[in-house]
Amino acid sequence: MSANRSAFTVARCADDSRRADILMLVHAAFAGLSPPSGALRETVEDVAVRFAAGPVLIAQAGDELIGSVYGAVKEDGLYLTRMAVRPDWQKRGVGRALLAAAEAEARSLALRRLTLRVRVNLPANRAYFKRAGFAVTGQGQDPGRPPYQAMERPVLSPA
Ligand SMILES: CC(C)(COP(=O)(O)OP(=O)(O)OC[C@H]1O[C@@H](n2cnc3c(N)ncnc32)[C@H](O)[C@@H]1OP(=O)(O)O)[C@@H](O)C(=O)NCCC(=O)NCCS
């Protein structure tokens, strides 16, 4: 029987034995970016470092990994990196659900903001995060890397 193509769950990943699956997912999601993302050079050891740094959120359809994002506490915010949705699951709300779960994590850690960086040359991503309530707060560039814009959105109190 085929899986329900719209049903998925999002949760904090408590099991870092899934780091190889997460790496494959991130590589698949970031494969099309130009210039190539540094995500493509990352290894399972890098994923282990992310697990040590903060909550790793994953989306699953049944047992299949279809989305992930890394969180790290920075000052009063939860800094999100490598948000990735498996290409065949994009535009079905998985990204929004990962952001909602990140907000819940941030709230439980008494943090005030979700923060992230988007490459300047990826306006579609910037527009996506703007529609999701993020605002541009600054810009920067690491040595040898493309320029980025910093974005953030406040962590709202529960309704
Ligand atoms: C950016 C990324 C994480 C977004 O994830 P996603 O799951 O595709 O995003 P969502 O489904 O939440 O939202 C995308 C659009 O799909 C639409 N959508 C959401 N649910 C939908 C559904 N059930 N049916 C049809 N469309 C839907 C929404 O309208 C949304 O558009 P909006 O931005 O105007 O609200 C994903 O495209 C990705 O992995 N990209 C490659 C890696 C990358 O660039 N990461 C970000 C680095 S900064």
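Across the whole structure there are 13 salt bridges, a salt bridge being a side-chain nitrogen of Lys or Arg within 4 Å of a carboxyl oxygen of Asp or Glu. One of them joins the side chains of Arg 86 and Glu 64, at 2.7 Å from N to O. Arg 86 belongs to the loop between β4 and α3 and Glu 64 to strand β3 (residues 64-74), so the pair ties together parts that are 22 residues apart in sequence. Helices (H or I, at least four residues) and strands (E, at least two) are DSSP runs, numbered from the N terminus.

This is a predicted model, in which local features need pLDDT of at least 70 and side-chain atom pairs pLDDT 80 or more, while totals for chains, interfaces and linings use all residues. Residues are numbered from 1 along each chain as its sequence is written, and side-chain values use heavy atoms, without hydrogens and water.

Now to the ligand. The shell around the ligand holds 17 residues, and the closest are Lys 91, Gly 93, Gly 95, Arg 96 and Arg 131; a residue counts as near if one of its heavy atoms lies within 4 Å of the molecule. Helix α4 gives the most to this shell, with four residues.

A polar side-chain atom of Arg 131 is 2.6 Å from an oxygen atom of the ligand. For Asn 125, a side-chain N or O atom lies 2.8 Å from a ligand oxygen. Val 85 uses a backbone N or O atom, also 2.8 Å from an oxygen atom of the ligand.

How values were computed. Polar contact = N/O pair within 3.5 Å; in protein donor to acceptor, adjacent residues only side chain to side chain.
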